[in-house]
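My notes follow in the order of looking.

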Amino acid sequence: MNYSAKVMDHFANPRNVGEIENPSAVGEVGNAVCGDIMRIYLKIENEIITDVKFKTFGCGAAIATSSMATELIKGKSVDEALELTNKAVIEALDGLPPAKIHCSVLAEEAVKTAINDYYKRNGIDKVIPIHGASCDGDCASCGKH
């Protein structure tokens, strides 16, 4: 598979790796077909994501998409982070091979799962749909279609 220089950079030098002590929110998602698991930790102050860390068990594309997703939402408002799409992650990485698109979907879903956790922890009566809203059904390997 051919990966862009940005994918290789985020795989070899991932940004924001680790855990946050006493996070405002945690999101974890996994793909049973490929075995990737992503966990994202958010620190949110005044509705702004002031810190974000991740731990990902998976392939290079899963690590790169996790890393890029954290870069794209750090410093953003919760509402801005909700606008993150798998397509935006792919574009920021200068593309992914078709067989690895599901990794970007997992990154988007992890962010949304974490924000749902934030809402729940803070008694905010909102639930963000996770799968379906962002999925265009074009991922042959995600096993959900």
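**Entry 1, charged pairs.** I started with R39 and E28, whose side chains meet in a salt bridge at 2.4 Å, N to O. The model is predicted, and that distance is computed from its atoms. The pair links distant parts of the chain, with R39 in strand 2 and E28 in strand 1, 11 residues apart. R39 has a relative accessible area of 31% and is partly exposed. E28 has 41%, so E28 is partly exposed as well, the class between 20% and 50%.

I then searched the whole structure and found 7 salt bridges. One of them joins the side chains of E19 and K55, at 2.6 Å from N to O. This pair also links distant parts of the chain: E19 sits in the loop between helix 1 and strand 1, K55 sits in strand 3, and 36 residues separate them. E19 is partly exposed at 49% relative accessible area, and K55 is partly exposed at 39%.

Another salt bridge is that of R15 with D9, where the closest N and O atoms are 2.6 Å apart. For R15 I read a relative accessible area of 25%, partly exposed. For D9 I read 30%, also partly exposed.

I went back to strand 1, where E28 lies.

Strand 1 pairs with strand 2 in the antiparallel sense, over 6 bridges. I noted the bridge partner of A25 in strand 2, which is L42. The hairpin of these two strands has 6 residues between them, and there G35 takes a positive phi near 90 degrees.

I listed the contacts of L42, leaving aside neighbours within four places in sequence. The list includes A25, I49, V52, I73, A114 and I115. I then looked at the largest nonpolar core, which has 36 residues. Those with the most contacts inside this core are L42, I73 and I115. Strands 1, 2 and 3 and helices 2, 3, 4 and 5 each give two or more residues to it. Which element gives the most? Helix 5 does, with 9 residues.

I checked helix 2, residues 60-73, for its length. Its 14 residues reach 20 Å from the first C-alpha to the last, close to the 20 Å expected at 1.5 Å a residue. Is helix 2 mostly covered or mostly open? It is mostly covered, with 11 of its 14 residues buried. Among the buried ones are A61, I63, M68 and I73. What covers them includes helix 1, strand 2, strand 3, helix 3, helix 4 and helix 5. Just after helix 2, I noted G75, with a positive phi of about 85 degrees.

I searched for aromatic pairs and found 1. The ring centres of Y118 and Y119 are 6.1 Å apart and the planes stand at 45 degrees, so the pair is tilted. Are these two tyrosines buried or exposed? Both Y118 and Y119 are buried.

Terms used: Residues numbered from 1 in each chain as written. Predicted model: local features only at pLDDT ≥ 70, side-chain atom pairs only at ≥ 80, totals over all residues. Heavy atoms only, no water. Helix = DSSP H or I, 4+ residues; strand = E, 2+ residues; numbered from the N terminus. Expected span 1.5 Å × (residues − 1). Buried < 20%, exposed > 50% of the residue type's maximum accessible area, 1.4 Å probe, protein only. Contact = heavy atoms within 4.5 Å. Core = buried A, V, L, I, M, F, W, Y, C linked by side-chain atoms within 4.5 Å. Phe/Tyr/Trp six-rings, centres within 6.5 Å; stacked < 30°, edge-to-face > 60°. Pairing = 2+ DSSP bridges. Salt bridge = Lys/Arg side-chain N within 4 Å of Asp/Glu carboxyl O.
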